[in-house]
Structures are given as structure tokens and as C-alpha cells.
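Colleague: I am new to this structure and would like to learn how to read its features one at a time. Could we go through them together?

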Amino acid sequence: MKVVGYVRVSTTEQAEDGASLAAQEEGIRRYCDLHGYELVRVERDEGVSAKSLDRPGWRRVERWLRRGRGVVVTKLDRASRCLEDVIGLVKDGAARGWYLHSVQERLDTSTAMGEFFVHMLAAIAQLERKRTGERVRETMAALRRRGAKLSSARPYGWRIDGKVLVEDAEEQRVRGLILSMAERGPTAIASELNAMGERRESGAWTKQAVSRVLRRARLLSGRVAS
């Protein structure tokens with residue numbers, strides 16, 4: 001099978017360093033050698049966020065896939081951090097006869113198990129969204145009982161529609177990025193978000209703003225005093 005590799009880093013600093021890109025490409029080459037795939041080219045997006053599939057390198061991958069059989073990434077989030085986008089790629093591949101391979105997740109959508117794994121991820125994501133909604137409602141009720149005003153209690157990732165709290169898709173995406181980097185600490189997270197070009201309504205991300213998101217995430221996890 002002929003495949004194309006795809007590597008991406010999100011910040012200019014990473015692109016200039018080159019180490020991450022080189023490591024990704026080496027991982028892809030080892031994967032192809034192990035499975036007997038012919039790697040015909042490696043496309044790159046340097047210093048580009050994964051918040052959208054509209055990236056120069058990825059568009060070149062899509063053009064190649066019209067006549068190729070697969071794309072290999074080292075990790076799913078190199079292609080996209082949005083699970084819905086990944087699922088869309090898998091569905092498009094199934095319809096057009098190409099496959100997605102991810103080295104770290106050991107994912108190969110040309111197999112029944114690989115396709116099942118992607119659908120399982122989708123089901124888990126849907127379940128988590130519903131559970132989060134339940135936790136939000138419980139948390140908001142608890143905050144009201146403690147005398148908090150609704151406007152000041154709005155967690156990042158949601159907006160108030162009348163008297164109903166509903167998810168904000170764009171804020172949920174950024175919130176997910178923050179939570180995925182929680183162990184790095186608020187200062188490092190704020191720096192990374194700004195380097196990726198992410199902005200909030202009031203401007204650049206700060207240590208304090210990230211800390212508020214993390215604190216409220218802990219509230220939504222059920223750690224609200226009764």
C-alpha cells in the first residue's frame with residue numbers, strides 16, 4: 001500500500017527547533033517499514049494549530065489521497081484535536097477507499113477493529129458530553145444555593161441562553177485544550193494557547209484566566225461543597 005505521512009507542530013518555536021517534526025517523521029517511517037507500506041512523501045504543517053483542517057500541508061494530503069490509499073500520523077491529534085473531525089475523516093476515507101493510520105493509538109481504519117475503535121471513541125465522547133451537562137446542572141444548582149449569581153458562575157465553555165446553560169462549541173474546544181495540558185500549570189498553558197493563536201473574548205490568555213477554567217473544571221467534576 002502506498003501512503004503519505006503527515007507531521008505537524010503548533011508553535012513557531014517548535015517548527016524552528018525541528019526536533020518534534022523529525023521525531024514524528026522517524027516514527028512514521030518506522031511504522032511503514034514494519035507494516036510494509038510504501039511511504040511516498042511526508043507533508044508538513046509547521047507552527048499551525050489543529051483547530052481547523054484548513055491547513056496547507058493537510059490540504060496537500062487530501063489531494064494525494066484521491067489517488068493514494070492511506071495517511072499515517074504519529075498521533076490522532078496531529079491530524080486534528082477535534083474528535084468529530086477525526087470521525088469525519090474516517091467516514092470520508094471509507095467512502096473514498098483510503099485509510100487513516102495512527103502510530104501511538106495503534107489505529108488502522110482499514111481493519112474492522114480500527115473502525116470499531118473510532119466509533120467507540122465517538123460513543124465515549126457523546127457520553128461524556130451528556131455527563132458533563134448533568135454535572136453542570138448540578139453544579140449550577142449548588143452555586144445558586146450558595147448565593148452565587150448566575151452571570152458570575154458561568155463556567156468557561158458554556159453560555160447562558162435565557163435561563164438555560166448551553167454549550168459553546170468554540171469555548172468547549174479551547175477548554176478541552178486547557179484540560180489536556182492541566183499538568184503543565186496555568187502559566188505554561190497560557191503561553192501555549194497564545195502561541196497557538198487562541199484568544200478569549202477579552203484578549204490574550206493569562207495565568208489567572210487559565211486558573212479560573214481549571215478551578216471550575218474541578219467544580220464540574222463534582223467537587224462542590226454542599
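Colleague: Is tryptophan 205 buried or exposed?

Modeller: Please keep in mind that this is a predicted model. A residue counts as buried when its relative accessible area is under 20%, and tryptophan 205, with a relative accessible area of 4%, is therefore buried.

Colleague: Which residue lies over the face of tryptophan 205?

Modeller: That is arginine 200, which lies over the face of tryptophan 205 at 5.8 Å from the ring centre.

Colleague: How should I read the pair formed by the rings of tyrosine 156 and tryptophan 205?

Modeller: The general idea is to look at the angle between the ring planes, since planes over 60 degrees apart count as edge-to-face. The structure holds 3 aromatic pairs. In the pair of tyrosine 156 and tryptophan 205, the ring centres are 5.3 Å apart and the planes stand at 75 degrees, so this pair is edge-to-face. The pair links distant parts of the chain, 49 residues apart, with tyrosine 156 in the loop between α7 and β6 and tryptophan 205 in the loop between α9 and α10. Tyrosine 156 counts as buried because its relative accessibility is 16%.

Colleague: And what is the arrangement of the rings of tyrosine 31 and tyrosine 37?

Modeller: Their centres are 6.2 Å apart and their planes lie at 50 degrees, so the pair is tilted. Tyrosine 31 is buried, as is tyrosine 37.

Colleague: Where is glutamate 201, and is it buried or exposed?

Modeller: Glutamate 201 has its place in the loop between α9 and α10, and with a relative accessible area of 77% it is exposed. Its C-alpha atom is separated by 10.0 Å from that of glutamate 171, although the two residues are 30 residues apart along the chain.

Colleague: Which residues of α8 are buried?

Modeller: Glu171 is one of them, together with Gln172, Val174, Arg175, Leu177 and Ile178. To check the length of such a helix, one compares the expected span with the distance between its ends: the 12 residues of α8, residues 169-180, should span 16 Å at 1.5 Å a residue, and the end C-alpha atoms are 17 Å apart, which agrees. At the start of α8, a side-chain oxygen of aspartate 168 comes to within 3.2 Å of the backbone nitrogen of glutamate 170.

Colleague: On what part of α3 do its buried residues lie?

Modeller: In α3, residues 56-65, the buried residues are Gly57, Trp58, Val61, Trp64 and Leu65. Because they cover an arc of only 115 degrees around the axis, they are on the same side of α3. Their cover includes β1, β2, β3, α4 and α5.

Technical notes. Residues are numbered from 1 along each chain as its sequence is written. This is a predicted model: local features need pLDDT of at least 70, side-chain atom pairs count only at pLDDT 80 or more; totals for chains, interfaces and linings use all residues. Side-chain values use heavy atoms; hydrogens and water are left out. Rings of Phe, Tyr and Trp (its six-membered ring) pair if their centres lie within 6.5 Å; planes under 30 degrees apart count as stacked, over 60 as edge-to-face and the rest as tilted. Buried means under 20% relative accessible area, exposed over 50%, partly exposed in between (1.4 Å probe, protein chains only). Helices (H or I, at least four residues) and strands (E, at least two) are DSSP runs, numbered from the N terminus. A charge sits over a ring if NZ of Lys or CZ of Arg is within 6 Å of the ring centre and within 35 degrees of the ring normal. The expected span of a helix is 1.5 Å times one less than its number of residues. A polar contact is a pair of N or O atoms within 3.5 Å; within protein, one must be able to donate a hydrogen and the other to accept it, and residues adjacent in sequence count only if both atoms are side-chain atoms. The arc is that of the directions from the helix axis to the C-beta atoms. Contact means heavy atoms within 4.5 Å.
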